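Let's take a friendly walk through the charged pairs and the pockets of this protein. Have the model open as you read.

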Amino acid sequence: MTHTKHKVVIFLGPPGAGKGTQAARLAEEQQLTQISTGDILRDHVRRDTELGQQVKPILDAGQLVPDPILIALIRDKLAGMDNIRVIFDGFPRTYAQAEALDVLLEELGAPVNAVPLLEVPDQVLIDRIVERGRQAAARGEAVRSDDNEETARKRQQVYREQTQPLIDYYAGRGHLYTVDGVGSMDEVYERITSGMKS
């Protein structure tokens, strides 16, 4: 039983692929709410909710919030929506999270519609990230600590190890489609949206 009014998109792609920018544009043009677990966590801590009190010491200690708490936060966020029209960027990060999210979405009657995977060759990504650091330095701004080649390579490695199981999971469910992430913002966006229609 699917309602066309619901729409759930999960964005996958390596650091530096431009996911955030594309997700923001997609959210705006298709009336989707961008869901960032980091924002939700900070919001609960700020409002001092019961969940917020649970996660504050975990975040303060620099640890990862356990999956059951993350899923509870997402459930809380989605349950308050009349139409679940959302885009996940940065979640799920693991196979277990993907499974838990699927169970929750099925329960709410809003299964996943599309999982675009932005693909960009490693060297292009690393060049982009290093260039981002260079440009910030040229403008006299603080350079992000991760905007250097060594860290960029490490992050690609970690991304691949963590994300491959997710790619397999969503491909196995028929939701995944790959998008060539090289080109202008508009070209990449066009590929993302045309992939959704097919």
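What follows covers salt bridges and then pockets in a predicted model.

**Salt bridges**

Side chains of opposite charge can pair when their charged atoms come close. In this structure, 14 salt bridges are found. Three of them are set out below.

| Pair | N to O distance |
|---|---|
| arginine 25 and aspartate 186 | 2.7 Å |
| aspartate 43 and arginine 46 | 2.5 Å |
| arginine 160 and aspartate 122 | 3.0 Å |

Start with arginine 25 and aspartate 186, whose side chains meet in a salt bridge. This pair links distant parts of the chain: arginine 25 belongs to helix α1 (residues 19-29), while aspartate 186 belongs to helix α8 (residues 185-197), 161 residues apart. Arginine 25 is partly exposed at 27% relative accessible area, and aspartate 186 is also partly exposed, at 48%.

Aspartate 43 counts as partly exposed, with 24% relative accessibility. Arginine 46, at 63%, counts as exposed because the cut-off for that class is over 50%.

For arginine 160 and aspartate 122, which also form a salt bridge, the helices are α7 (residues 149-172) and α6 (residues 122-138), so this pair ties together parts 38 residues apart in sequence. Arginine 160 is partly exposed at 36% relative accessibility, and aspartate 122 is partly exposed at 30%. Elsewhere, salt bridges with shared partners join Arg25, Glu29 and Asp186 into one network.

**Pockets**

Which residues lie nearest the centre of the largest pocket? They are Lys19, Asp89, Gly90, Arg93 and Arg155, out of 45 lining residues. The space in this pocket comes to about 1,200 Å³. Helices α1, α2, α4 (67-79), α6, α7 and α8 each give two or more residues to its lining, and α7 gives the most, with 6 residues. By class, the lining has 18 nonpolar, 17 polar and 10 charged residues.

The second largest pocket has a volume of about 170 Å³. Its lining is made of 13 residues, and Pro14, Glu119, Tyr159, Arg160 and Ile167 lie nearest the centre. Arg160 is also the arginine that pairs with aspartate 122. At least two lining residues come from each of β4 (115-119), α6 and α7, with α7 supplying the largest share, 6 residues. This lining divides into 7 nonpolar, 3 polar and 3 charged residues.

Methods. Residues are numbered from 1 along each chain as its sequence is written. This is a predicted model: local features need pLDDT of at least 70, side-chain atom pairs count only at pLDDT 80 or more; totals for chains, interfaces and linings use all residues. Side-chain values use heavy atoms; hydrogens and water are left out. A salt bridge is a side-chain nitrogen of Lys or Arg within 4 Å of a carboxyl oxygen of Asp or Glu. Helices (H or I, at least four residues) and strands (E, at least two) are DSSP runs, numbered from the N terminus. Buried means under 20% relative accessible area, exposed over 50%, partly exposed in between (1.4 Å probe, protein chains only). On a 1 Å grid over the protein atoms alone, a cavity is a set of points where a 1.4 Å probe fits but cannot get out, and a pocket is an open set with protein on both sides within 12 Å along at least five of seven lines; lining residues have an atom within 4 Å of a point. Grid points are joined across faces, edges and corners, and a volume is the space filled by probe spheres set on the points. Ala, Val, Leu, Ile, Met, Phe, Trp, Tyr, Cys and Pro count as nonpolar, Asp, Glu, Lys and Arg as charged, and the others, Gly among them, as polar.
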